[in-house]
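Me: I have a model open and want to learn how to read its side-chain features. Can we go through them one at a time?

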Amino acid sequence: GRRTQLLKGLPATSTVEENSAAGVSVYNFNVTVSPLASEGVAVLPTIVNSNPLTEAFDIESIGGLEFRVITTGNPILDYETMPKSFDLQIFVEDTTGRTDLNILTIQVTDENEHPVFRGNMATQTVTIYVLERAPPQRIYQVDAADPENAKLKYSLLPATVPFSIRESGDIFSTKEFDYEKDPHCYFLNITVTDPDGLNSTKTVNIHIININDERPYFTTKQRIYRIPEEQSPGTIVANITAKDPDDEDSPSRLFYSIQSSDRHFSINPATGVLQVTGRIDRDALPLRLHPNISLTVRVEDGPGSAHGREMEITIIIDDVNDNPPECNPSALREEANENTTPGTFLVDLRNYCEDIDADPSNNQFRFTGLSGFGSNNFALESTVSGRVVMTGTIDLENPGNPGVEVYTLTVRVQDIAHPNYSSKYPFYLSFDNIIYIYIRIKPVNEFFPVFHNLSYVFSVSEITKVGSSIGRVHATDKDWPSNVITYSIVAGASSKDYTNIFWISPMKGDVRILARLDYETTQKHIFTVQASDQEKSTTVSVTVNVLEVNDEEPVCSPNFYSLQIPVSLAVGTNINGFRIECQDRDSDPRSFRYFINEGNENSHFTFSPSAGSNTSHLILASRFDYESGLDTKWIYSLRVHITDDNLVSARDKTTQLVKTGTVTLSIRVIPNPTAVTTNT
């Protein structure tokens, strides 16, 4: 309890600069103890209170009874934000119990401090990300302050970077960045300076962000490739490679495709491997004429991406000898005349054979091995030409001829170049085509037909039926095989009534009659028959003697007549003086016989003479008797027959042909005038 002046130099006032570090001496003072306090100070000088409260100060001994007030650095004194004066109550007590309490006033003095960064820049390194291709723009706002509230100035280093900072602290990019050409990262030293030149610096990291803005490009330089035709599916043609600048040094993930439509090739979309997918036949159109296949290959940095690039490549298809020669038709039929001169050309096999390989070096072929029965009569001019010629003479009429009309020959057709048929004909190491040649030896018509007789004579009855065969002519010729001989009538065989009386069978030589023969008109016919083998012909005379036959009927005049007689006409009277007169072209006038065949009831009528004359009269042979009822008819229709056999003996009548003429008479009997006829 006893307050004594122990603190020497207190109370007092002192100053300290703001922002002083810990341990900065603020004020020194001594402690005076009583002589009775042999052991010194019981309670060291202590700050027991402060106004305002703070822990920014502390007391430390500097030796003996000397002490000083120092800064603790916690908190750091700040003129701008903290009280500018602090009253510290310092208490001390010696060992005798005496105490002292005095005040030390500490005034904080203002110091020109460095500007300070605020926000993220105050606590960390700021990283800013800028997209490439972005236009120049503000990219960040630097936040800094001066403790003295002075106006600050911003600057940026290095000065060569494409960035700027304005008075407001705004950082701007000054260009459009290209990730593939520009640095990917920039380190900016941002400095803020107060009017007295104090400054603070912070680093800002700027990273350029890559975007997909570049088209991939092909790294494959080759544009022309060659492959043989008929490659197996899957055969690799080329490995197309490309690079995307956006991918830097990492492997590019690109997508490959063939833009042009093609069935022969495909490309792996991920690897760019171009391979065969379909059959490639160099010998078929259009490759036969244009063996180059052009493909447009496209690479993209994503499916359907607009960032792509195209490249045209050409694949040349080389021909291989993969086709054997073929002949169409494989069997030829040719003709040659017999006795053809040796050396005569028959057929050119090259007109029928071809090798469809496109390259001339692969489509050449030869002909070998002419063989077959009778092949000694034929030969190949050369293995290249394929021309078959005669070497022997073939005479079909020669007794030594084997009688062969058609010779069968075979010729082998072979590739000249080494064959490569494995793709199409896997079971053949080589391929020989065989062409068959059938050569028909055409007979030559060397000989004329010859009739067996020098002339022909036929005797024919004049009553022979039309169409009947009356004889046959026959001719042959010495050609082998025998020629077909046809017959024809070339002269004669006609009359004033008929153009053709005779006909001859063209193939058999049978002579037939086409019209009725008439001895009374023509007793002999002479005509000429020709035998022809279509090229050569011979004629022969044919005589036909017509034999007479009783074939003519008596012709009488009149052949019809009507008469009237009175019923009382006397018997023996030539009725009405009527007579008939008859003629027969092949009979004597004495050959006629007359008789009434029909209508002569009760035999009232007769002819006189009844035979031996070509004229005869109608005579009443008996009287009419109507009163007794014997006669009832008043009109008689007589049918009179006249035959020409009066001079024929009874013995010959069975074989001799008899002809009959006919006359019809109508006779009306007139009653006497005294007769009364009652009509009802």
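Me: Which residue lies over the face of Phe345?
Reply: This is a predicted model. Look for a charged group above a ring. Here Arg387 lies over the face of Phe345, 4.0 Å from the ring centre. Lys536 likewise lies over the face of Phe448, at 5.6 Å from the ring centre.

Me: How many aromatic pairs are there?
Reply: Ring pairs are judged by the distance between centres, with a limit of 6.5 Å. The count comes to 19 aromatic pairs. Take Phe373 and Tyr407: their ring centres are 6.5 Å apart and their planes meet at 10°, so this pair is stacked. Phe373 sits in the loop between strands E31 and E32, and Tyr407 in strand E34, so the pair ties together parts 34 residues apart in sequence.

Me: Are Phe373 and Tyr407 buried or exposed?
Reply: Read the relative accessible area. Phe373 is exposed at 56%. Tyr407 is buried at 3%.

Me: What is the nearest side chain of opposite charge to Glu520?
Reply: A salt bridge needs the charged atoms within 4 Å. For Glu520 the nearest opposite charge is Arg585, 5.2 Å away. Glu520 is buried yet has no salt bridge. Its contacts beyond four places in sequence include Glu462, Asp551 and Arg585. Glu520 lies in the loop between strands E42 and E43.

How values were computed. Residues numbered from 1 in each chain as written. Predicted model: local features only at pLDDT ≥ 70, side-chain atom pairs only at ≥ 80, totals over all residues. Heavy atoms only, no water. Helix = DSSP H or I, 4+ residues; strand = E, 2+ residues; numbered from the N terminus. Buried < 20%, exposed > 50% of the residue type's maximum accessible area, 1.4 Å probe, protein only. Lys, Arg positive; Asp, Glu negative; His and termini not counted. Contact = heavy atoms within 4.5 Å. Phe/Tyr/Trp six-rings, centres within 6.5 Å; stacked < 30°, edge-to-face > 60°. Lys NZ or Arg CZ within 6 Å of the ring centre and 35° of its normal.
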